[in-house]
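Open the model in your viewer and keep the sequence panel at hand. We will go from one selection to the next and look at what is there.

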Amino acid sequence: MGSLSFSPLDPQNFSEESKMVVDFISEYYKNVEKYPVRSQVEPGYLNHLLPDAAPYCPEPLETILKDVSDTIIPGITHWQSPNFFGYFQGNASTAGFLGEMLCTGLNVVAFNWIASPAATELESIVMDWIGKMLMLPPSFLFSGGGGGVLHGSTSEAIICCLAAARDNALKKIGPDKITKLVVYTSDQTHSTLQKASKLVGIPTSNFRCLPTSFSNDFALCPDDVRKAMAKDVREGGLVPLFLCATVGTTASGAVDPLEALGKVAKDFKVWLHVDAAYAGSACICPEFRHHLNGVELADSISMSPHKWFLTNMDCCCLWIKEPKIFVDSLSTCPEYLRNKASESKVVIDYKDWQIALSKRFRAIKVWVVIRRHGVENLMFHIRSDVDMAKRFEAHVTEDPRFEVVVPRRFALVCFRLRPKQEEDETELNSRLVMAVNGSGRAFMTHAVVGGIYVIRCAIGSTLTETKHVDCLWKLIQEKADNLFLEKPGLDMED
């Protein structure tokens, strides 16, 4: 028999239990440095700790939070640890958390203007705010005829751009010509582009992944792109469709030359997208803004505030020059969503700017972050991380056993332990990464750049301070010493 009284959203209970969760999270942040950064559990560990069926009767929050502490926390890799240096960071901040609370608490579903006018209008305002912070051309702003939308990830943003570019091209050449469309990128571009190409129907054989090299710091070479497009047109009768340039690649932080690539894109009439997911945030600082020079030639640009903008997951900004192309490709208009405001064409219906119908109120989160921190402190945060990366880079260069493999970009340092025998290079550095991560005292990841296995030190977690960077370096040296003791044959270069 069901409960005689069931009130799942009682205001008094909401206040009391929310405070319990906030206190729990606060304690977590106070103690996060004490946990092994990378989870030390084995696959399947949770199945042995939790029941195999859902509880029939309600359980007290205290019991649930104790289970979080005892069973969930040990299985977390602690992205908010000050000793997390892997991948690219997932920033968090008090303001980001408060904004997420408002987003979740209000729980609006803002798929069109009438569903929540404030959510739609705040999003357009916030997108113009950030666009101006990045000094984007007016053509990307609502105030200049373009516009922006908040997605959950770069993956979603790129799929939407590809779909819009595809549909726009097929209108001109015919819907049966989809197998003629070609996508161009570099071997440093994030793998999400290849997945997006598959999802929008581009044949795998029409995905051009152009090689990069040490000679230009692994940036995409415009001449190579031009030659590849010309060859496809001349020899294959193909149609160049989409070119993706990156500002801050995942493997090495490389920056593609936007202006030169933009000219190639213009000559071949292809859609140019700029993926600035990681390093775009840095471009609010005047000293980094030059990395976006040439963006005026692009059709779209994306950056992810959840990486380096103190905005809790999830949040990706996407700006486009011609919203009509997006709407034409992504819109649907079922009878149950028709309303006077939408039909007037004077409002934005964000359902037509994204894959999903439903839409979270992400704008209020970003709005709170910008207002609580201000541009001044957002720039301070980025510059502080870059300074710590420079410090770590200096540590590496001072130890003759190590080398920086590619020039430091932003707050990413790619380095390696130098073996005397090159054939031992990957094994040695792989073992070093495993030793560091296995210690629980820090976490890093690797990449392969120009055929060389490199260790990535990505600095940017909100709680990271100089002392953590110095401790990381001491840990790396300690583990390197142990490796050489274990295998004297793997001696460093003289």
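Start by selecting residues 300–303 and 316–320, which are strand 6 and strand 7: the two pair in the antiparallel sense over four bridges. Within this pairing, S302 stands opposite L318 of strand 7. Strands here are DSSP runs of E with at least two residues, helices are runs of H or I with at least four, and both are numbered from the N terminus. Two strands count as paired if DSSP finds at least two bridges between them.

A word on the ground rules: residues are numbered from 1 along each chain as its sequence is written. The model is predicted, so local features need pLDDT of at least 70 and side-chain atom pairs count only at pLDDT 80 or more, while totals for chains, interfaces and linings use all residues, and side-chain values use heavy atoms, with hydrogens and water left out.

Seven strands form an open sheet in the order 1-7-6-5-4-2-3, with mixed pairing. Colour its edges next: strand 1 (147–151) and strand 3 (207–210) are the edge strands, each pairing on one side only. From one strand to the next, the twist averages 20°, with axes taken as lines fitted to C-alpha atoms and angles running from 0 to 180 degrees between N-to-C directions.

Select strand 4 (residues 239–246). Seven of its eight residues are buried, where buried means under 20% relative accessible area, exposed means over 50%, and partly exposed lies in between (1.4 Å probe, protein chains only). Which strands does strand 4 pair with in the parallel sense? One is strand 2 (residues 181–186), over four bridges, and here Y184 stands opposite L243 of strand 4. Another is strand 5 (residues 271–275), over five bridges, where A245 stands opposite V274 of strand 5.

**Helix 5**

Move to residues 154–173, helix 5. Its 20 residues should span 28 Å at 1.5 Å a residue, and its end C-alpha atoms are 28 Å apart, which agrees; the expected span is 1.5 Å times one less than the number of residues. Is helix 5 enclosed or open? Of its 20 residues, 14 are buried, so helix 5 is largely enclosed by the rest of the structure. Step on to G174, which follows helix 5 and has a positive phi, near 105°.

**The rings**

Finally, show the aromatic side chains: the structure holds 18 aromatic pairs. Rings of Phe, Tyr and Trp (its six-membered ring) pair if their centres lie within 6.5 Å; planes under 30 degrees apart count as stacked, over 60 as edge-to-face and the rest as tilted. Zoom in on Y28 and Y35, a stacked pair at 5.9 Å centre to centre with 25° between the planes. Y28 is buried at 15% relative accessibility, whereas Y35 is partly exposed at 27%. Then centre on W79 and Y87, whose ring centres are 5.5 Å apart with planes at 10°, so this pair is stacked.

Select F88, Y278, F288, W308 and F410 together: ring pairs link them into a cluster. For a last stop, select R371: its charged end sits over the ring of W367, 4.8 Å from the ring centre.

How values were computed
A charge sits over a ring if NZ of Lys or CZ of Arg is within 6 Å of the ring centre and within 35 degrees of the ring normal.
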